[in-house]
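Reader: I am new to this structure. Can you take me through it in short steps?

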Amino acid sequence: MGLLEVKGINKRFGGLQALGDVNLSIKENTTHAIIGPNGAGKSTLLNVLVGKLIPDSGSVMFDGQSVLGRAPHEINQMGISRVFQTPEIFSDLSVFENVMIPCFAKRDGAFRMHAIESIFAEKGIQQQAEAILDDVNMLEKRDMLASSLSRGDKRRLEMAMCLVQDPKLLLLDEPTAGMARADTQNTIALLKEIREKRGITMAIIEHDMNVVFSLAERITVLAQGTPLVEDIPDNIKGHPKVREAYLGEAQV
Amino acid sequence: MLGLEKKDFQLLLIVIGLTLFAPFLLNPFPEGSDLAQFNAGYPDLMQRFVIFGIFAIGFNILFGLTGYLSFGHAAFLGAGSYGAVWMFKLLSMNVLPAIAISVVIAGLFSLLIGYVSLRRSGIYFSILTLAFAQMSFALAYSVLTPITGGETGLQLALSDPRIFGAAQTATGNIPVPALFGLEMRSSFEWNVGAWLFTFNAGYYLAAFFMIIAFYISIRIFRSPFGMMLRAIKSNQTRMSYTGLNARPYTLAAFVISGMYAGLAGGLMASMDPLAGAERMQWTASGEVVLMTILGGAGTLIGPVLGAGMIKYFENIFSKINETILHGWFAFLPDGLEDVVVAMIYPFIGKGWHLTLGIMFMLVVIFLPGGLVQGGQKIGALFSRKKAEETKPNATEPAE
């Protein structure tokens with residue numbers, strides 16, 4: 001039984017079958033990559049997992065509970081955090097405030113009316129926020145406005161915001177999309193470090209095969225809304241079905 | 001101090017100082033001089049400064065922090081006014097129960113409207129609040145006449161029950177609002193040479209509430225709750241993927257700002273015990289938006305400055321008439337005098353809205369952060385000058 005069990009998911013957009021009978025099992029303490037050519041349904045699948053889309057049929061169980069029909073914030077509180085293709089951060093807030101917010105969300109839940117207490121009195125939260133910024137080497141940027149960060153730093157900040165919640169599952173939607181080579185290498189290193197240090201289960205959707213093969217422990221290949229194969233990276237590389245799906249797209 | 005950081009505490013002290021000494025500060029010109037018409041230190045206007053200050057401080061908690069632009073906040077102000085006048089009619093002329101009920105009624109009313117309107121965001125939210133406020137105005141103006149007094153407004157009458165107070169005074173008049181016997185309209189006048197300073201009981205009561213309101217707003221701005229509200233303004237997607245539910249946060253902010261509006265409405269009725277439907281009209285809602293943006297949305301002191309500025313212009317510029325203009329430019333040759341007066345005339349008197357509009361445009365274009373940003377720019381200019389002046393001295397060798 002995996003941490004995340006997807007069974008028989010179907011999703012149609014008008015005449016397009018975006019997802020057809022998708023089964024997927026993500027085991028605890030692994031890095032699971034979901035790859036596939038454009039239009040394979042990777043993003044649709046991800047949106048189903050985080051509660052943004054409701055599938056026409058099927059079930060999604062996380063840690064023994066169904067996630068279907070729950071709002072994104074409820075699913076996050078269950079232990080699923082998400083990193084976006086373009087970093088979603090609180091641009092108008094300082095770096096430090098950005099990481100304090102998930103600390104509050106973790107401690108106080110989806111809503112708490114803490115309107116009279118001062119932020120400056122929340123020592124525990126501040127220590128937590130400082131510790132995570134130290135972990136991602138951004139402590140000296142704590143008072144900068146998040147919008148003034150470089151793209152790589154924005155990604156690091158978003159990662160820190162997810163990590164400080166100590167999620168059971170971290171979903172990454174093309175974490176290196178549009179990045180320069182150096183930034184990509186940094187991100188791979190950061191993700192590897194997270195994986196080793198914290199033992200967080202990760203699901204990565206990625207185009208860049210370099211990234212996929214340096215991180216993933218298991219790979220699922222999606223094509224036209226259906227999983228083709230699921231196996232360890234070495235077996236995926238030479239798989240004839242995968243070659244067929246990617247023909248003309250990239251050399252696997 | 002009082003749970004505030006040093007800087008915020010200093011700001012609070014400044015505001016307390018300004019409100020306490022307002023009767024002096026707003027009356028800089030001697031009585032009877034040409035410039036006396038620019039004096040704003042009379043009770044009626046001073047009361048309006050602080051009451052609209054409260055209104056704008058509350059509006060800023062919603063608009064400045066969450067970015068949700070409500071175009072219907074006057075409805076809560078009007079509801080508060082009606083509640084207060086009903087207290088005067090039924091209970092007694094003491095202002096405290098009237099103010100308390102106005103806050104409660106506005107709070108409940110804003111809970112209802114906020115619950116529905118906050119299902120949408122952006123322009124749709126604004127339109128929903130506007131629609132609700134106009135509906136409230138229409139109801140108060142016609143259908144609900146037994147409760148609101150309709151076109152004539154809600155007024156006190158000799159036949160009111162006033163179960164805890166006298167229905168009428170010994171002389172057979174309608175009693176006036178008071179705080180345990182201290183009448184709101186009573187004033188103490190102090191003549192110093194050519195100057196006349198007026199200390200009005202109603203003003204100081206309203207000022208007291210404004211200071212409390214300002215203090216609470218600082219606490220909210222510096223609280224985790226306030227940070228969440230700013231996070232909502234910044235990125236709602238990240239908000240929900242961080243496990244936070246934006247709805248109750250925005251609703252809480254909406255209700256708090258509604259209660260501030262109710263407090264302003266209750267105080268308005270306490271100064272002058274009548275309430276009319278026009279207080280709920282969209283122009284009144286628009287005014288508080290202008291005040292907040294003019295002063296600086298999302299800043300602590302901005303809304304108070306904006307409220308003061310607009311009320312000052314409304315009362316002072318609208319009083320300047322053609323005769324006064326001719327008096328000012330009498331030194332010019334006859335023909336030229338007429339030309340100058342004709343050029344300035346559209347901007348004064350009834351045309352003060354034109355002046356306000358131009359001012360608003362200039363602020364929005366050149367100072368998007370409002371008057372507060374203007375102040376900061378001037379401050380930065382001075383500190384840079386200071387730094388330049390002190391620099392050469394610092395490098396000089398000590399003797």
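Author: Start with one term. Two strands pair if DSSP finds at least two bridges between them. Note too that this is a predicted model. With that cut-off, β4 (residues 57-62) of chain A and β5(A) count as a pair, since 2 bridges join them, and they run antiparallel.

Reader: In β5(A), which residue is the bridge partner of Met61(A)?

Author: Met61(A) has its bridge partner in β5(A). That partner is Ser66(A).

Reader: At what angle does helix α1 of chain A run to β7(A)?

Author: Helix α1 (residues 42-49) of chain A lies across β3 (31-35), β7, β8 and β9 (218-223) of chain A. Its angle to β7(A) is about 145°.

Reader: In what order do the strands of the open sheet of 6 strands come?

Author: The pairing in this sheet is mixed. The twist from one strand to the next averages 20°. At the edges stand β6 and β10 (226-231) of chain A, each with a single partner strand, so each has one side without a neighbour in the sheet. The order is β6-β7-β8-β3-β9-β10 (chain A).

Reader: How many residues of strand β7 of chain A are buried?

Author: Strand β7 covers residues 169-173 of chain A. Leu169(A), Leu171(A) and Asp173(A) point one way, Leu170(A) and Leu172(A) point the other way, and all are buried. In a regular strand the side chains alternate between the two faces of the sheet. The count for β7(A) is 5 of its 5 residues.

Reader: How many bridges join β7(A) to strand β8 of chain A?

Author: On one hand, β7(A) runs parallel to β6 (residues 80-83) of chain A, with 4 bridges; there Ser81(A) partners Leu170(A). On the other hand, β7(A) runs parallel to β8 (residues 201-205) of chain A. Here Leu172(A) stands opposite Ile204(A), and Asp173(A) stands opposite Ile205(A). The bridges between β7(A) and β8(A) number 5.

Reader: Through which helix does the chain cross from β7(A) to β8(A)?

Author: The path is a β-α-β crossover, and it is right-handed. Its helix is α6 (residues 181-198) of chain A.

Reader: Is Ala160(A) buried or exposed?

Author: Ala160(A) is in helix α5 (residues 151-163) of chain A. It touches Val99(A), Ile132(A), Leu133(A), Val136(A) and Met138(A), leaving out residues up to four places away in sequence. Its C-alpha atom is 9.5 Å from that of Met138(A), 22 residues apart along the chain. With 23 other C-beta atoms within 10 Å, where 20 or more are needed, Ala160(A) is buried.

Reader: What distance separates the centres of domain 1 and domain 2 of chain A?

Author: Domain 1 of chain A takes in 4-79 + 167-246, and domain 2 takes in 91-151. Taken over C-alpha atoms, their centres are separated by 28 Å.

Reader: How many residues does domain 2 of chain B give to the contact with domain 1 of chain B?

Author: Chain B is divided into domain 1 (6-298) and domain 2 (320-390). Domain 1 of chain B gives 6 residues: by class, 4 nonpolar, 2 polar and no charged. Domain 2 of chain B gives 8 residues.

Reader: How far apart are the axes of helix α4 and helix α6 of chain B?

Author: In α4(B), Ala74(B), Ala75(B) and Gly78(B) meet Phe132(B), Ala133(B), Ser136(B) and Ala140(B) in α6(B). These contact residues divide into 5 nonpolar, 2 polar and no charged. The helices, residues 74-90 and 122-143 of chain B, pack at an angle of about 35°. Their axes are apart by 9 Å.

Reader: Which helix gives the largest share of the side of chain B that touches chain A?

Author: In this contact, 26 residues of chain B meet 30 residues of chain A. Helices α8 (201-221), α9 (224-234), α10 (236-240) and α11 (246-271) of chain B each supply at least two residues of the chain B side. By class, that side has 11 nonpolar, 9 polar and 6 charged residues. The largest share, 8 residues, comes from α9(B).

How values were computed
Residues numbered from 1 in each chain as written. Chains lettered and ligands numbered in written order. Predicted model: local features only at pLDDT ≥ 70, side-chain atom pairs only at ≥ 80, totals over all residues. Buried ≥ 20, exposed ≤ 12 C-beta atoms within 10 Å, placed from the backbone. Right-handed = clockwise from strand over helix to strand, strands pointing away. Domains from an automatic or database assignment. Contact = placed C-beta atoms within 7 Å. Nonpolar A, V, L, I, M, F, W, Y, C, P; charged D, E, K, R; others polar. Axes fitted to C-alpha atoms, helices over the stretch in contact; angles between N-to-C directions.
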